[in-house]
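Welcome, and thanks for taking a look at this one with us. Please open the sequence and the model side by side before reading on.

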Amino acid sequence: MFPVLIPTLISTAMAAFNARALASLVTVAGNTLSKWLTVILNALVKVFEEDEVRELLATLDEALRALLGSIEDPEGLNTLMLHLLGW
């Protein structure tokens, strides 16, 4: 399911609907989230940098908070820390 949904939701023309759906999806992803963490995080940050629509930015903020709050396993935390250090 993730290989189809994630690329669709993080497409370059991300809408508020996509961000809300992504926020809902990551909260129930469990350990599968670790494999997609860097892809999702990169997409959210890219839209934050490029877009100025307030509604979308607020929704992206919620999605980012949901993503970071959903990381529960050591693999996901390690992936997140290494990715942030790489930035």
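Is Leu68 buried, partly exposed or exposed? Leu68 is partly exposed, because its relative accessible area is 39%, and buried would require a value under 20% while exposed would require one over 50%. Please keep in mind that this is a predicted model.

**The nonpolar core**
- The largest nonpolar core is made up of 28 residues.
- Within this core, the residues with the most contacts are Ile6, Leu22, Ile40, Leu44 and Leu67.
- Helix 3 is the top contributor to the core, giving eight residues.
- Once neighbours within four places in sequence are set aside, Leu22 touches Ile6, Leu9, Ile10, Ile40 and Leu44.

**Ser34**
- Ser34 sits in helix 3, which runs over residues 33–50.
- The side chains of Ser34 and Asp73 make a polar contact of 2.8 Å.
- Beyond its neighbours within four places in sequence, Ser34 is in contact with Asp73, Glu75, Gly76 and Thr79.

**His83**
- You will find His83 in helix 5, covering residues 74–86.
- A polar contact of 2.8 Å links the side chain of His83 to that of Asn42.
- Apart from neighbours within four places in sequence, the contacts of His83 are Thr38, Leu41 and Asn42.
- His83 and Phe48 lie 35 residues apart along the chain, with 17 Å between their C-alpha atoms.

**The cavity**
- How many cavities of 30 Å³ or more does the structure hold? The structure holds one.
- The largest cavity contains about 30 Å³ of space.
- Its lining consists of Gly30, Leu33, Ser34, Leu37, Ser70, Ile71, Glu72, Asp73 and Gly76.
- Ser34 and Asp73, joined by the side-chain polar contact of 2.8 Å, are both among these lining residues.
- Helix 3 supplies the largest share of the lining, with three residues.
- Sorted by class, the lining has three nonpolar, four polar and two charged residues.

Methods: Residues are numbered from 1 along each chain as its sequence is written. This is a predicted model: local features need pLDDT of at least 70, side-chain atom pairs count only at pLDDT 80 or more; totals for chains, interfaces and linings use all residues. Side-chain values use heavy atoms; hydrogens and water are left out. On a 1 Å grid over the protein atoms alone, a cavity is a set of points where a 1.4 Å probe fits but cannot get out, and a pocket is an open set with protein on both sides within 12 Å along at least five of seven lines; lining residues have an atom within 4 Å of a point. Grid points are joined across faces, edges and corners, and a volume is the space filled by probe spheres set on the points. Helices (H or I, at least four residues) and strands (E, at least two) are DSSP runs, numbered from the N terminus. Ala, Val, Leu, Ile, Met, Phe, Trp, Tyr, Cys and Pro count as nonpolar, Asp, Glu, Lys and Arg as charged, and the others, Gly among them, as polar. A nonpolar core is a set of buried Ala, Val, Leu, Ile, Met, Phe, Trp, Tyr and Cys residues joined through side-chain atoms within 4.5 Å. Buried means under 20% relative accessible area, exposed over 50%, partly exposed in between (1.4 Å probe, protein chains only). Contact means heavy atoms within 4.5 Å. A polar contact is a pair of N or O atoms within 3.5 Å; within protein, one must be able to donate a hydrogen and the other to accept it, and residues adjacent in sequence count only if both atoms are side-chain atoms.
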